[in-house]
Amino acid sequence: MNKTDLIKTMASRAGCTEVAARQMVEILMEVMEEGLSDGNDIVLQGFGTFRPWKQSFRAGRNPRTGESCPIAPRTSVRFKVGKNLLRAMNKR
């Protein structure tokens, strides 16, 4: 499912227009981006937790040439799945 599919599904389930659903998705993404950029965890109870984490400087290697190259430090995001989502994904 991509962003467009998500918007269409949300609009049909919520009984609103795709424009309104698109606005809600965009707002959600902006709010999550701001929170994570500020170093805050985003906890969606039962769904999962998004957590920013700092990757430190490390040495990497160019797979084509085998030459060593530095990988600069950066902030990334980890996701830990919640119990309800995990249960829903493993229904049998």
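**View 1. Thr9 is partly exposed, with a relative accessible area of 27%.** Buried here means under 20% relative accessible area, exposed means over 50%, and partly exposed lies in between (1.4 Å probe, protein chains only). The model is predicted, with local features shown at pLDDT of at least 70 and side-chain atom pairs counted only at pLDDT 80 or more, while totals for chains, interfaces and linings use all residues. Residues are numbered from 1 along each chain as its sequence is written, and side-chain values use heavy atoms, without hydrogens and water. Thr9 sits in helix 1, residues 3-14. Helices (H or I, at least four residues) and strands (E, at least two) are DSSP runs, numbered from the N terminus. Ala21 lies 12 residues from Thr9 in sequence. Their C-alpha atoms are 9.0 Å apart in space.

**View 2. The whole chain gives the setting for the close-ups.** The protein has 3 helices and 5 strands. Read from the N terminus, its elements run α-α-β-β-β-β-β-α. The C-alpha trace spans about 55 × 35 × 30 Å along its principal axes. The radius of gyration of the protein is 18 Å, while a compact globule of 92 residues would have one near 12 Å. That radius is taken over C-alpha atoms, and the globule rule is 2.2 Å times the number of residues to the power 0.38. Of the 92 residues, 18% are buried. Contacts are heavy atoms within 4.5 Å. Among the contacts with a separation of 6 or more, 31% join residues 24 or more positions apart.

View 3. The protein carries 16 positive and 9 negative charges. Lys and Arg count as positive, Asp and Glu as negative; His and the chain ends are not counted. Each charge is placed at NZ of Lys, CZ of Arg, CG of Asp or CD of Glu.

**View 4. Phe47, Phe50 and Phe79 form one aromatic cluster.** Rings of Phe, Tyr and Trp (its six-membered ring) pair if their centres lie within 6.5 Å; planes under 30 degrees apart count as stacked, over 60 as edge-to-face and the rest as tilted. The count by this rule is 2 aromatic pairs. Phe50 and Phe79 make a tilted pair, 4.8 Å centre to centre, with 45° between the planes. This pair links distant parts of the chain. Phe50 belongs to strand 2 (residues 48-55) and Phe79 to strand 5 (residues 74-81), 29 residues apart. Phe79 is partly exposed, at 38% relative accessible area.

**View 5. Thr49 has its place in strand 2.** Its relative accessibility is 17%, so Thr49 counts as buried. Neighbours within four places in sequence are left aside in the contacts of Thr49. Thr49 then meets Asp41, Ile42 and Val43, and also Arg78, Phe79 and Lys80.

**View 6. Lys80 is found in strand 5.** Lys80 counts as exposed because its relative accessibility is 61%. Gly48 and Thr49 are in contact with Lys80, once neighbours within four places in sequence are left aside. Lys80 and Gly48 are 32 residues apart in sequence. Their C-alpha atoms are 5.4 Å apart in space.

**View 7. Asn62 occupies the loop between strand 3 (58-61) and strand 4 (68-71).** Asn62 is partly exposed, with a relative accessible area of 31%. It touches Glu67 and Cys69, not counting residues up to four places away in sequence.

**View 8. Pro70 is found in strand 4.** Pro70 is exposed, with 60% relative accessible area. Phe57 and Arg58 touch Pro70, not counting residues up to four places away in sequence. Ala21 is 49 residues from Pro70 along the chain. The C-alpha atoms of Pro70 and Ala21 are separated by 42 Å.
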